[in-house]
Every structure is written in structure tokens, then in C-alpha cells.
Amino acid sequence: MNQRNLLEVDWSKIPAPIDDGAAAHLVGMAVPPVSLVATDDTSVTLSALPGRSVVFAYPRTGEPGKIALVDDWDMIPGARGCTPQTCAFRDLFAELKAAGAAHVFGLSTQSNAYQTEMASRLHLPFPVLSDEKLALTRALNLPTMAVAGLTLIKRLALIIDDARITRVFYPVFPPDRNAGDVLAWLRENRV
């Protein structure tokens with residue numbers, strides 16, 4: 001399938017993911033001291049960051065005009081929507097910060113080189129972290145899916161307060177509403 005426009009999606013035609021319980025263990029967990037490379041040429045250790053961080057994870061962003069990873073990508077529950085989710089966090093970035101997020105990060109298992117191109121193309125005001133080696137994914141036992149021989153993180157968002165996960169948004173659907181849901185929660189739960 002050719003991905004002409006990654007942002008215009010009729011969510012009524014996309015299967016919604018179900019809550020399989022794969023993220024139920026995360027609330028209350030301490031974030032392990034795993035260092036990840038970021039699109040701003042830094043190395044980020046989430047456990048070392050003071051204050052409140054928002055981390056939204058997604059399987060993988062696409063490229064306009066490029067072929068999807070697999071022909072039935074859109075029919076995999078929770079697969080479609082990484083670019084709309086990312087752009088929603090971009091568009092609400094200032095409001096997320098004003099609502100108490102000291103840090104905002106995207107996260108996927110894609111390479112830093114790919115994510116750096118994507119971050120530039122989408123004009124992201126926050127870094128995207130690469131967990132290409134699955135270090136954080138495995139340490140937290142994040143929900144994953146296997147597609148085309150790759151291990152991809154299922155879409156979710158984490159609120160981390162001083163290295164401890166205090167809120168998990170999972171499953172996330174539709175993806176473009178995730179940033180708004182996180183923002184609403186931040187406003188109701190200021191620290």
C-alpha cells in the first residue's frame with residue numbers, strides 16, 4: 001500500500017486495538033537507567049530526569065509516498081497512526097509544557113537516523129528516542145508486536161514523575177487524540 005498522506009485517516013475504517021493488559025504492570029514502576037540516543041544528538045536517560053516527563057511510544061512512522069512495511073499495515077490493530085499521533089504532540093507541545101511536562105519525548109524502535117529525518121520533516125519541537133536495541137522496551141516489558149520480522153512498540157503514552165511511571169495511556173485510539181488526552185490529564189493532575 002502506498003502511503004500518500006499519513007495525516008488524513010478515516011479512523012472508522014481502521015481496527016482499534018484492544019486492551020490486552022500488556023501495560024497493566026507499568027504504573028508505579030521505576031524507570032530503569034537505560035540511555036537512549038535522541039534526534040537532537042543527545043543521549044537521554046529517562047530515569048535521570050527530574051520532574052514530569054511525557055513519553056509517547058508508537059510502532060513506526062511512515063514516509064509519504066513510500067510503501068508501507070507490510071501490505072495490510074492499516075488492518076493491524078494499533079499500527080496505523082504514528083504520524084498523526086506525533087504531529088498532535090507537536091501541535092500541543094507548548095500546552096503540554098505549560099501543563100507541567102518538563103520533558104516530552106517520542107519513542108520507537110526505529111533507528112535514530114530514520115527518526116532524525118522524520119523529526120526534521122515534521123518540525124518536531126521535542127526529541128524522539130530510539131530504542132532500536134529494545135533496551136528500554138525489554139527492561140520495562142513494554143507491549144510489543146512483531147511485524148515483518150521487527151519488534152515494534154505498541155502505541156502508548158507514559159507520564160513519568162521523577163523516574164517513576166505514574167500514568168499509562170494504553171491502548172491508544174485514535175492516535176491523533178492521544179496528545180489531547182494526555183494534556184487533559186496533566187491539567188487535572190498538576191504536580
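Strands (E, at least two residues) and helices (H or I, at least four residues) are DSSP runs, numbered from the N terminus. Residues are numbered from 1 along each chain as its sequence is written. Because the model is predicted, local features need pLDDT of at least 70 and side-chain atom pairs count only at pLDDT 80 or more, while totals for chains, interfaces and linings use all residues; side-chain values use heavy atoms, with hydrogens and water left out.

Strand 1 and strand 5 run antiparallel and are joined by two bridges; two strands are said to pair if DSSP finds at least two bridges between them. Strand 1 also pairs with strand 2 in the antiparallel sense, over three bridges. Here Val37 has Ser43 of strand 2 as its bridge partner. The hairpin of strand 1 and strand 2 has four residues between the strands, and Asp41 takes a positive phi near 65°. Buried means under 20% relative accessible area, exposed means over 50%, and partly exposed lies in between (1.4 Å probe, protein chains only).

These strands belong to an open sheet of seven strands, with mixed pairing and the order 2-1-5-4-3-8-9. Its edge strands, strand 2 (43-45) and strand 9 (164-169), each pair on one side only. On average, neighbouring strands of the sheet are turned by 35° against each other, direction ignored. Strand 8 (residues 156-161) pairs with strand 9 in the antiparallel sense over five bridges, and Leu158 stands opposite Val168 in strand 9.

Helix 3 (residues 112-121) lies across strand 1 (35-38), strand 4 (103-108) and strand 5 (128-130), and runs at about 165° to strand 5. Axes are lines fitted to C-alpha atoms, for helices over the stretch in contact, and angles run from 0 to 180 degrees between N-to-C directions. Contact means heavy atoms within 4.5 Å. In strand 3, where Ser53 is found, this residue counts as buried because its relative accessibility is 1%. Apart from its neighbours within four places in sequence, Ser53 is in contact with His103, Leu158, Ile159 and Ile160. The C-alpha atoms of Ser53 and Val182 are separated by 11 Å, and the two residues are 129 residues apart along the chain.

Helix 1 (residues 82-91) has eight of its 10 residues buried, so this helix is largely enclosed by the rest of the structure. The buried residues of helix 1 include Cys82, Cys87 and Phe89. Packing partners of the buried residues are strand 3 (52-57), helix 2 (93-98), strand 4, helix 3, strand 8 and helix 5.

Five aromatic pairs are found in a search of the whole structure. Rings of Phe, Tyr and Trp (its six-membered ring) pair if their centres lie within 6.5 Å; planes under 30 degrees apart count as stacked, over 60 as edge-to-face and the rest as tilted. The ring centres of Trp11 and Phe173 are 5.8 Å apart and the planes are at 80°, so this pair is edge-to-face. The pair links distant parts of the chain, 162 residues apart: Trp11 is in the segment before strand 1, and Phe173 is in the loop between strand 9 and helix 5 (178-188). Trp11 counts as buried at 14% relative accessibility, whereas Phe173, at 32%, counts as partly exposed. The pair of Phe56 and Tyr58 is tilted, with 6.0 Å centre to centre and 35° between the planes. Phe56 is buried, with a relative accessible area of 0%, and Tyr58 is buried at 0% relative accessibility. Ring pairs link Phe56, Tyr58, Phe89, Phe93 and Phe126 into a cluster.

The protein has five helices and nine strands. Of its 191 residues, 52% count as buried. Among contacts between residues at least 6 apart in sequence, 73% join residues at least 24 apart. The C-alpha atoms fill a box of roughly 45 × 35 × 30 Å, taken along the principal axes.
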